[in-house]
Amino acid sequence: MTVTEVEGRRLSLSNLDKVIYPETGTTKGELLHYYAVHAGVLLPHLRDRTVSFLRYPDGPEGQKFFTKNLPPGTPEWVATAEVPEWSASEGRQVVIHDLPSLIWAANLVVEFHIHQWPAATPATADRLILDLDPGAPADITDCCRVAGWLRDRLTADGLTVFAKTSGAKGLHLVSPLDPPAPSEQVSAYARALARLAQAELGGAATAVMARRERAGKVFIDWSQNAAAKTTAAPYTVRARATPGVSAPVSWGELADCADPQQLRFELPDLPARLERHGDLMAGLLSPLHAAPLPRA
């Protein structure tokens with residue numbers, strides 16, 4: 001156990017030498033270092049949103065469990081917020097406002113997942129999200145083509161679209177909304193758009209959730225807009241075989257992608273990437289890019 005001080009808060013960090021990702025030899029200490037170094041780009045995307053955790057304390061091959069409730073032993077100085085009953089059985093979830101809270105949570109070995117609505121306005125979304133999930137043998141290059149079609153359609157409807165890798169197999173497309181809209185209306189629009197893509201893209205995409213319908217197609221998961229759902233936050237590390245990161249990407253990168261490895265980003269890739277590009281999703285946080293939700 002290592003006791004350290006982060007911005008005036010005493011934290012007990014455990015098992016820093018423990019290998020969390022056996023394929024790369026990445027340790028828990030390296031994971032915490034990543035979150036500490038990149039807090040400047042991660043925290044703005046977490047701030048003011050209730051956070052759910054996918055925990056994997058023994059690595060991606062060990063037990064994994066998803067939790068929305070406050071973890072046992074949550075410090076009193078960690079911010080929390082009331083959520084509707086459908087979102088957390090105990091009525092409160094963590095809100096990550098600062099570096100001490102981020103490192104405390106990262107010490108639990110987690111992926112960070114967030115709602116599409118701010119903690120102050122549950123079920124009233126200030127963003128729309130589309131999760132593009134390829135069904136083998138389709139891969140992320142197929143997601144890029146579907147993403148281009150969706151971007152054109154969303155842009156025609158007046159929305160600005162930002163993209164990031166899921167950190168796993170696919171892509172996430174996100175559009176900021178102003179004024180915010182009820183989650184069920186955002187879901188209805190997203191579903192209509194996914195169905196339109198299915199109709200117009202000639203078998204390349206599907207809006208059907210059943211896995212048997214996804215083979216060789218990109219599933220456009222519109223359901224992530226439901227009020228109770230959460231999605232992996234930008235820059236979170238994922239519980240996969242290797243420490244992949246949900247990394248913002250440019251539309252030029254998506255247009256040029258010919259190999260899935262071109263859009264595979266892991267912990268060691270982020271420092272140089274951020275130095276070159278900065279936060280490619282910073283505009284998601286600016287009201288200048290937000291627009292009203294179009295009609296379904």
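## Strand β9 and its cover

Buried means under 20% relative accessible area, exposed over 50%, and partly exposed in between, with a 1.4 Å probe and protein chains only. Strands (E, at least two residues) and helices (H or I, at least four) are DSSP runs, numbered from the N terminus. This is a predicted model: local features need pLDDT of at least 70, side-chain atom pairs count only at pLDDT 80 or more, and totals for chains, interfaces and linings use all residues. Residues are numbered from 1 along each chain as its sequence is written, and side-chain values use heavy atoms, with hydrogens and water left out.

With that in hand, let us look at β9. This strand spans residues 110-114, and five of its five residues are buried. Both of its faces are covered: V110, F112 and I114 lie on one side, E111 and H113 on the other.

## The partners of β9

Two strands pair if DSSP finds at least two bridges between them. Strand β5 (residues 50-55) runs antiparallel to β9, and five bridges join the two; here R55 stands opposite V110. β9 also pairs with strand β15 (residues 231-232), again in the antiparallel sense, over two bridges. H113 has A232 of β15 as its bridge partner.

## A six-stranded open sheet

Elsewhere, six strands make an open sheet with mixed pairing, ordered β13-β14-β10-β12-β11-β16. Its edge strands, β13 (205-206) and β16 (248-249), each pair on one side only. β13 pairs with β14 (residues 218-221) in the parallel sense over two bridges, and T206 has F219 in β14 as its bridge partner.

## Helices α4 and α5

Helix α4 (residues 140-156) packs against helix α5 (residues 183-200) at an angle of about 130 degrees, their axes 11 Å apart. Axes are lines fitted to C-alpha atoms, for helices over the stretch in contact, and angles run from 0 to 180 degrees between N-to-C directions. The two helices are therefore oblique to each other; angles under 35 degrees count as roughly parallel, over 145 as roughly antiparallel, 65 to 115 as roughly perpendicular and the rest as oblique.

Which residues of α4 meet α5? They are W149, L150, R153 and L154, and they meet Y189, L193, L196, A197 and E200, where contact means heavy atoms within 4.5 Å.

## A79 in its loop

A79 sits in the loop between β6 (65-67) and β7 (80-82). Its relative accessibility is 22%, so A79 counts as partly exposed. Beyond its neighbours within four places in sequence, A79 is in contact with Q93, V94, V95 and H97.
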